[in-house]
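Dear colleague,

A summary of the findings follows it.

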Amino acid sequence: MSHLTSAAEACFRARYPALVQFLHGMVHDRARAEDVAQESFRRLVIRGPTTRPDADRWVFRVARRLALDELKLERHRRARELEYEPSTDDPPFDPDDIAQVRRLVASLPDRPREVLLLREVSGLSYQEIADVVRRNVNTVKQDLHRARAALRRAWVAQKEAP
Amino acid sequence: MTFEPEDPEVRDPLHRAFPAATSDDVERAWGRVSTARRGAGAWAATMRATIAAALVLAAFVAGYATGRSNRVAPAERGGIEQQLPSDQQLHITVRPPALLPASVIGGAP
């Protein structure tokens with residue numbers, strides 16, 4: 001049992017911070033992100049893979065599914081967010097304004113948002129992201145391209161602002 | 001897993017907006033997760049003990065029921081004891097197998 005624990009613990013210590021970052025971007029709330037991350041690791045130590053890197057991918061998959069379930073519940077409670085479409089009425093995007101960055105990320109559709117977070121925040125490779133979200137690598141790249149394009153549009157708008 | 005920085009212009013604002021957990025956060029969270037694991041282990045041990053006890057009980061009940069069905073039925077229920085006179089003796093004759101020579105079993109040549 002001890003080697004199982006040590007593998008789970010090693011996975012936890014290596015991946016927990018990045019997983020919380022990913023979930024923070026998904027569920028828009030730090031405390032909920034931590035709860036979901038801990039629940040994912042709790043499931044890992046009880047019935048997940050006992051070797052790495054399988055455990056790493058497994059825990060990201062479980063966390064993603066839990067986050068999507070959380071979002072579904074949240075959207076039942078309130079109207080669905082509109083897909084982000086930058087307009088001239090938007091204030092210029094300031095990458096130092098944390099709240100604005102979070103709002104912008106939250107306004108992205110789920111698919112590109114999760115890929116963007118897994119890539120840019122959690123640091124997973126394309127192949128690892130494909131394993132986590134169960135899409136092929138090319139689709140992952142397309143989703144990532146869409147998400148980056150949305151962010152860049154805002155970024156460019158900020159740069160061109162007087 | 002490998003970290004492949006690709007687009008710092010996008011990545012840096014995201015890292016500021018969604019900061020990583022501190023080492024204290026990690027330690028606290030691991031405390032909760034490992035406690036849950038021990039709880040789950042204790043629950044699994046309890047379940048194993050319960051199942052083992054249930055199996056022993058089932059085996060005992062099954063053995064008891066089998067033992068009862070193999071008994072000779074009591075006389076008042078019309079069992080075999082009623083059909084035998086109380087003073088009758090049971091004679092059992094054991095015959096040697098036909099293929100064995102009589103010398104083997106100590107009989108007359």
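How many salt bridges does the count between chain B and chain A give? The count is one, a salt bridge being a side-chain nitrogen of Lys or Arg within 4 Å of a carboxyl oxygen of Asp or Glu. The partners are E27(B) and R13(A), whose closest N and O atoms lie 2.5 Å apart.

This is a predicted model, in which local features need pLDDT of at least 70 and side-chain atom pairs count only at pLDDT 80 or more, while totals for chains, interfaces and linings use all residues. Side-chain values use heavy atoms, with hydrogens and water left out; residues are numbered from 1 along each chain as its sequence is written, and chains are lettered from A and ligands numbered from 1 in the order in which they are written.

Interface overall

In chain B, 28 residues are in contact with 42 residues of chain A (contact means heavy atoms within 4.5 Å). About 3,400 Å² is buried between the two chains, and carbon and sulfur atoms give 63% of that area; buried area is the accessible area (1.4 Å probe) that two parts lose on being put together, summed over both.

The side of chain B that touches chain A draws two or more residues from each of α1 (8-17) and α2 (23-70) of chain B. Of these elements, α2(B) gives the most, with 10 residues. Helices here are DSSP runs (H or I, at least four residues), numbered from the N terminus. By class, this side of chain B has 16 nonpolar, two polar and 10 charged residues, where Ala, Val, Leu, Ile, Met, Phe, Trp, Tyr, Cys and Pro count as nonpolar, Asp, Glu, Lys and Arg as charged, and the others, Gly among them, as polar.

Helix packing

The axes of α5 (residues 110-121) of chain A and α1(B) come within 9 Å and cross at roughly 95°. Axes are lines fitted to C-alpha atoms, for helices over the stretch in contact, and angles run from 0 to 180 degrees between N-to-C directions.

I98(A), V101(A), R102(A) and V105(A) of α4(A) form the contact with P13(B), L14(B), R16(B) and A17(B) of α1(B). The residues of this contact divide into six nonpolar, no polar and two charged.

Yours sincerely
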